[in-house]
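Open the model in a viewer and keep the selection tool at hand.

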Amino acid sequence: MINSHAQPHHAYDEFSLVLDPAVYEPLPEDWLIGITDVVSSTPAIKSGRYEDVNFAGASIIAALGNAWGSFDFPFVFRGDGAAFALPPHGIMAATSALRQVASFARSDLDLTLRIGLLTVREIRNSGRDVRVARYAASENATYAMFAGGGLKWAEQQIKSGRYLVRPGRYATKPDLTGLSCDWTPFPSQRGEILSLLVEPNDDTSPEVFAALAMRVLGVFDAPSHRSHLVAGDMAIPRDSGTQVDAKRWSEVASHSDFRKFDDGLRLTLDCTREQIDRVETMLLLARARGEINFGLHRQSHALMTCLVPSGSPDSHLHFLDGMGGGYAKAAEMMEAGALGDVLHHAR
């Protein structure tokens, strides 16, 4: 189990509270940060392999939790990858699980999974930090939220070839017990499924970013047309072909990670086109002011990858992404925006 001093033990049940930088607590510097992402996820998504990409992305969370014997460690699902934090004595479990899921992605899914591992100390030496807060999406489902810019920096480093874990040639199969794609894709009921990423620029104060994030959430939470995960009357488990009752669906929906903070705001929502247009205008203005960068992607359906820990089935977790490219396409747009800014300033 994770020692209680290393991870915030208070979980906030209002999402707006985790936008407050003051609620985040720094991880100890000897803790490990692991990151995975599917290399060339865009072509895989283009060829319709959304579920494989999401399954590969979530695989490290299942493999590590099953190897560790507990899911009580900070992690975040990012669509085509994931990030996690583990105390230093977890280095063997982390390295082994990373190698296993990379081998599994290659042999079973025909996908290349980039895997990396470094310490919080190495991140702090770069001038960034890794701070964690816990958000209780429901009574039994708690998700870690990350701030401090450290995960974003670590991901950039790993993509450039530093801190990589060399895949094992003869890695055993990862234990992915509990990980599944139980639901058929959900069509939008309100207009479009939005995948949204919003990140602060390096010199933007956390307070300015939090205020902007609150305004964005305000558009989606407007009482007249509140945006949510997909309606229950459209939820169809793969094995039965029949819709589930409202009570079961409400439980699944309340356990999902449709909104999170991961060095920025990350949302998957079913919303109206007008809401998306309003938010996009707001974000374009904020980007022009030099406060943020953002990427968004609109699609017709959402996908859910589920994790039901065998030891505690009540703590089921549901990872959400858009089916038409989701977070991967939003990240692509965000990178294009960053490149455009660089070229603009270079003129």
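Select residues 50-68: this is helix 2, and Asn54 is found in it. Keep in mind that the model is predicted.

Is Asn54 buried or exposed? Its relative accessible area is 2%, and since buried means under 20%, Asn54 is buried.

Next, select the residues that Asn54 touches, leaving aside those up to four places away in sequence. They are Phe77, Gly79, Leu303, Thr305 and Asp321. Asp80 is 26 residues from Asn54 along the chain, yet their C-alpha atoms are separated by 5.5 Å.

Zoom out to the protein chain and colour by secondary structure. The count comes to 9 helices and 16 strands. The radius of gyration is 19 Å, close to the 20 Å that the globule rule gives for 347 residues, so the chain is as compact as a globular protein of that length. Along the principal axes, the C-alpha atoms fill a box of roughly 55 × 50 × 40 Å.

Switch to contacts. Among those with a separation of 6 or more, 77% are between residues 24 or more positions apart.

Colour by burial: 54% of the 347 residues count as buried. The accessible surface of the chain comes to about 14,900 Å², and carbon and sulfur atoms make up 51% of that surface.

Last, select the charged residues. There are 33 positive and 42 negative charges, and their mean positions are 5 Å apart.

How values were computed. Residues are numbered from 1 along each chain as its sequence is written. This is a predicted model: local features need pLDDT of at least 70, side-chain atom pairs count only at pLDDT 80 or more; totals for chains, interfaces and linings use all residues. Side-chain values use heavy atoms; hydrogens and water are left out. Helices (H or I, at least four residues) and strands (E, at least two) are DSSP runs, numbered from the N terminus. The radius of gyration is taken over C-alpha atoms; the globule rule is 2.2 Å times the number of residues to the power 0.38. Buried means under 20% relative accessible area, exposed over 50%, partly exposed in between (1.4 Å probe, protein chains only). Contact means heavy atoms within 4.5 Å. Accessible areas come from the Shrake-Rupley method with a 1.4 Å probe; for residues, only the protein chains shown count as cover. Lys and Arg count as positive and Asp and Glu as negative; His and the chain ends are not counted. The place of a charge is taken as NZ of Lys, CZ of Arg, CG of Asp or CD of Glu.
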